[in-house]
Amino acid sequence: MIINLELTALSKALLVATAMLVSANTAAEQMNATPVTQYSGSDLYMLNCSNCHGTYGEGDGAVTPDLSVVLLDLRYLSARSEGRFPEIFVREIVDGRTTRAAHGPQGMPIWGAEFARSEGLDDAAAERVNAKIDALVIYLESIQITD
Ligand code: HEC
């Protein structure tokens, strides 16, 4: 009887330990899959862009009425660019650090600088900033309507 109880306790402990190992592995696998940023492009978009550009990129986010410029629909970037996704333009406008120093006053934040402010300035942080910009560009490409 006592032995049985001990065995039960032991197997419970083993079960818990196994469960912990499995979840540790899953977490490690997830970290490997997303080594530099935990957010997907759509998460980043919802967090940083949708308040101006709208949930779907259509340009009617909550703060749009305060802006002095009309927001173009982000789902038609390719359509406005002869059917090809204008990746370099999008990357530069989203990052903004090299090409859009004067862009701020028009209302679109310079995201390269914003992300650097939250991530930090060392090499690993620079990698995370670039990964966020990459994820956003890939996300914007994925929402293009081309027909
Ligand atoms: C505070 C409001 C605001 C936020 C937040 C914002 N934008 Fe913008 N965005 C603008 C404005 C205003 C313009 C158009 C004028 C300009 O270029 O500054 C614009 C222009 C753009 C354009 C160029 C569209 C075109 O066809 O010319 C892209 C691409 C873009 N934004 C992507 C993003 C992404 C990605 C994010 C989030 C990381 C974001 N924006 C967040 C206000 C915003």
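User: Which residues in α4 meet which ones in α6?
Analyst: This is a predicted model. In it, E87, V90, R91, V94 and D95 of α4 meet I133, L136, V137 and L140 of α6.

User: And by class, what is in that contact of α4 with α6?
Analyst: It has 6 nonpolar and 3 charged residues. There are no polar ones.

User: How do the axes of α4 and α6 cross?
Analyst: They cross at roughly 130°. The axes come within 10 Å.

User: Is the crossing of α4 and α6 left-handed or right-handed?
Analyst: α4 passes α6 in a right-handed crossing.

User: Let me zoom out. How many helices and strands does the protein chain have?
Analyst: The chain has 6 helices and 0 strands. From the N terminus, the order reads α-α-α-α-α-α.

User: What share of the residues is buried?
Analyst: Buried residues make up 16% of the 147 in the protein chain.

User: And the contacts? What percentage comes from residues 24 or more positions apart?
Analyst: That is 46%, counted among contacts with a separation of 6 or more.

User: Back to helix pairs. How do α5 and α6 cross?
Analyst: Helix α5 covers residues 111-119 and helix α6 covers residues 123-142. Their axes cross at roughly 135° and come within 9 Å. That angle makes α5 oblique to α6.

User: Which handedness does the crossing of α5 and α6 have?
Analyst: The crossing of α5 and α6 is right-handed.

User: Which residues make that contact?
Analyst: On α5, they are W111, G112, F115, A116 and E119. On α6, they are A125, R128, V129, K132 and I133.

User: How does the contact of α5 with α6 split by class?
Analyst: It has 6 nonpolar residues, 1 polar and 3 charged.

User: New topic. What is the phi of E82?
Analyst: E82 has a positive phi of about 55°, although it is not a glycine. Most residues other than glycine have a negative phi.

User: Where does E82 sit?
Analyst: E82 is in the loop between α3 (50-53) and α4 (87-95).

User: Buried or exposed, that E82?
Analyst: Exposed, because E82 has 7 other C-beta atoms within 10 Å, and 12 or fewer counts as exposed.

How values were computed: Residues are numbered from 1 along each chain as its sequence is written. This is a predicted model: local features need pLDDT of at least 70, side-chain atom pairs count only at pLDDT 80 or more; totals for chains, interfaces and linings use all residues. Helices (H or I, at least four residues) and strands (E, at least two) are DSSP runs, numbered from the N terminus. A residue is buried if 20 or more other C-beta atoms lie within 10 Å of its own, exposed if 12 or fewer, and partly exposed in between; C-beta atoms are placed from the backbone. Two residues are in contact if their C-beta atoms, placed from the backbone, lie within 7 Å. Axes are lines fitted to C-alpha atoms, for helices over the stretch in contact, and angles run from 0 to 180 degrees between N-to-C directions. Angles under 35 degrees count as roughly parallel, over 145 as roughly antiparallel, 65 to 115 as roughly perpendicular and the rest as oblique. A crossing is left-handed if the near helix is turned anticlockwise from the far one by less than a right angle, and right-handed if clockwise. Ala, Val, Leu, Ile, Met, Phe, Trp, Tyr, Cys and Pro count as nonpolar, Asp, Glu, Lys and Arg as charged, and the others, Gly among them, as polar.
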